[in-house]
Amino acid sequence: MLKSIFSIGLMLCFFLVEAQTDKAKNDTLTVEKKERYGLRLGVDLFKLTRSFYDTNYKGIEFTGDFRWSRKYYFAAEIGNENKTTDDDQLNFVTKGSYVRIGFDYNAHENWLDLENMIYVGLRYGFSTFSQELNSYKIYNPNPYYGVAADVQAGDQFDGLSAHWAEVVVGLKTQVFKNTFVGFSFRMNRLLSNKKPGGFDNLYIPGFNRTYNGDFGFGFNYTVSYFLPLYKKKVILK
């Protein structure tokens, strides 16, 4: 008797599960919408505003990305920097231009017609620049005898270059129609580095300051405008 009741109960459970599964399939809705594809162009506000309040820095960076699939974007940045570094041992000026190219993956799933991004990306960077060593101090291992005076150098090193790879994490959000603001953090690793004789590249345009010789970090804060070129149909569940 108990065995028969158990069998009947098991069969009822089976039919209930099947019924719920069929109901869930029938309740699944699909939505068709059109998503925009195009080119987004912008400028790095951090570098632009820094040029006004930091007398040792002049720089500008233009940014762009192109949406080539639902989740992936081609991305690039191009810029120029002129920075004077004045620390305890050295005073030098770095001047040069750079370009970074790569792609971004948008991990954010937008609702309706939103086009926001929470993304990760990769870049290849290349920079050509010059270094001008204005002055330096000779290292004194025994400061008891006084601090060494500045040595005026005036050495110019041209034709320098650097290649690097970087990982990017950032976001972009639409604040007005077709207008986006965003920021990103970057971790860089030098691949090759042409150094001047007797002097190291402590700052590289587009790469920023070097740490431990080949690591660096970066940040930008951008405003950009989207130029829609065409649309694609997307079926969403």
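Begin by selecting tyrosine 72, which counts as partly exposed at 33% relative accessibility, a class lying between buried (under 20% relative accessible area) and exposed (over 50%), with a 1.4 Å probe and protein chains only. The model on screen is predicted, so local features need pLDDT of at least 70 and side-chain atom pairs count only at pLDDT 80 or more, while totals for chains, interfaces and linings use all residues. Residues are numbered from 1 along each chain as its sequence is written, and side-chain values use heavy atoms, with hydrogens and water left out.

Rings of Phe, Tyr and Trp (its six-membered ring) pair if their centres lie within 6.5 Å, planes under 30 degrees apart counting as stacked, over 60 as edge-to-face and the rest as tilted. By this rule the count comes to 10 aromatic pairs. Tryptophan 68 and tyrosine 72 form one that is tilted, at 5.8 Å centre to centre and 35° between the planes.

Next, select arginine 40 and phenylalanine 180: the charged end of the arginine sits over the phenylalanine ring, 4.6 Å from its centre, where the rule asks for NZ of Lys or CZ of Arg within 6 Å of the ring centre and within 35 degrees of the ring normal. Lysine 83 likewise has its charged end over the ring of tyrosine 203, 5.1 Å from the centre.

Finish at valine 99, where contacts (heavy atoms within 4.5 Å) beyond four places in sequence are with Glu77, Ile78, Tyr124, Gly125 and Phe126.
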